[in-house]
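Student: Please walk me through this one, starting with the charges and then moving on to the fold.

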Amino acid sequence: MHATKGDGLLVHGRIVGQHDHVVEIVEVIGDQGEPPYRVRYGDGHETVMTPGPDCVVQHKAGTPTII
């Protein structure tokens, strides 16, 4: 998983009734775009997250995808 500051991180709901949500990546802590990431939720709360298989990076427009 590779991301840059400003990308979104789509977190899929893992239980019935839990909705997907998107958080903003405000800092990439790992090397070369790798996790962990500092993320900001819509309510302003920030935390450090190491995304699992239930997450997908949504690259901001104009950011190349690294494979």
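Tutor: For the charges, Lys and Arg count as positive and Asp and Glu as negative, while His and the chain ends are not counted; each charge is placed at NZ of Lys, CZ of Arg, CG of Asp or CD of Glu. On that basis the chain has 5 positive and 9 negative charges, and their mean positions are 5 Å apart. Please keep in mind that this is a predicted model, in which local features need pLDDT of at least 70 and side-chain atom pairs count only at pLDDT 80 or more, whereas totals for chains, interfaces and linings use all residues. Residues are numbered from 1 along each chain as its sequence is written, and side-chain values use heavy atoms, with hydrogens and water left out.

Student: Fine. How many helices and strands does the chain have?

Tutor: There are 0 helices and 5 strands, counting DSSP runs numbered from the N terminus (H or I for helices, at least four residues; E for strands, at least two). The order along the sequence is therefore written β-β-β-β-β. The radius of gyration, taken over C-alpha atoms, is 12 Å, close to the 11 Å that the globule rule (2.2 Å times the number of residues to the power 0.38) gives for 67 residues, so the chain is as compact as a globular protein of that length.

Student: And what does the C-alpha trace span along its principal axes?

Tutor: The trace covers about 35 × 25 × 20 Å. As for contacts, meaning heavy atoms within 4.5 Å, 41% of those between residues at least 6 apart in sequence join residues at least 24 apart.

Student: What share of the residues is buried?

Tutor: Of the 67 residues, 28% count as buried, where buried means under 20% relative accessible area, exposed over 50%, and partly exposed in between, with a 1.4 Å probe and protein chains only. The chain exposes about 4500 Å², of which carbon and sulfur atoms supply 53%, the areas coming from the Shrake-Rupley method with a 1.4 Å probe.

Student: Which residues make up the largest nonpolar core?

Tutor: That core has 10 residues, namely A3, L9, V11, V23, I25, Y37, V39, M49, C55 and V57. A nonpolar core here is a set of buried Ala, Val, Leu, Ile, Met, Phe, Trp, Tyr and Cys residues joined through side-chain atoms within 4.5 Å. At least two core residues come from each of β1 (8-11), β2 (21-28), β3 (37-40) and β5 (55-58). In soluble globular proteins, nonpolar side chains tend to be buried together.

Student: What does C55 touch beyond its sequence neighbours?

Tutor: Once neighbours within four places in sequence are set aside, C55 contacts M1, L9, L10 and V11. Turning to L10, this residue lies in β1 and counts as buried at 17% relative accessibility.

Student: Is Q58 buried, exposed or partly exposed, and where is it?

Tutor: Q58 sits in β5 and is partly exposed, with a relative accessible area of 36%. Outside four places in sequence, Q58 is in contact with D7, G8, L10 and V22.

Student: Changing topic, which peptide bond is cis?

Tutor: The bond from P35 to P36 is cis, with omega near 10°, and P36 belongs to the loop between β2 and β3. Q32 is also placed in the loop between β2 and β3; its phi is near 50°, a positive value in a residue other than glycine, and Q32 is exposed at 73% relative accessible area.

Student: What about G30, is it buried or exposed?

Tutor: G30 is buried, with a relative accessible area of 17%, and lies in the loop between β2 and β3. Apart from neighbours within four places in sequence, G30 contacts P35 and P36.

Student: And where is P51 found?

Tutor: P51 is in the loop between β4 (46-49) and β5, and counts as buried at 14% relative accessibility. Not counting residues up to four places away, P51 touches M1, L9, P35 and Y37; of these partners, L9 and Y37 are among the residues of the largest nonpolar core.
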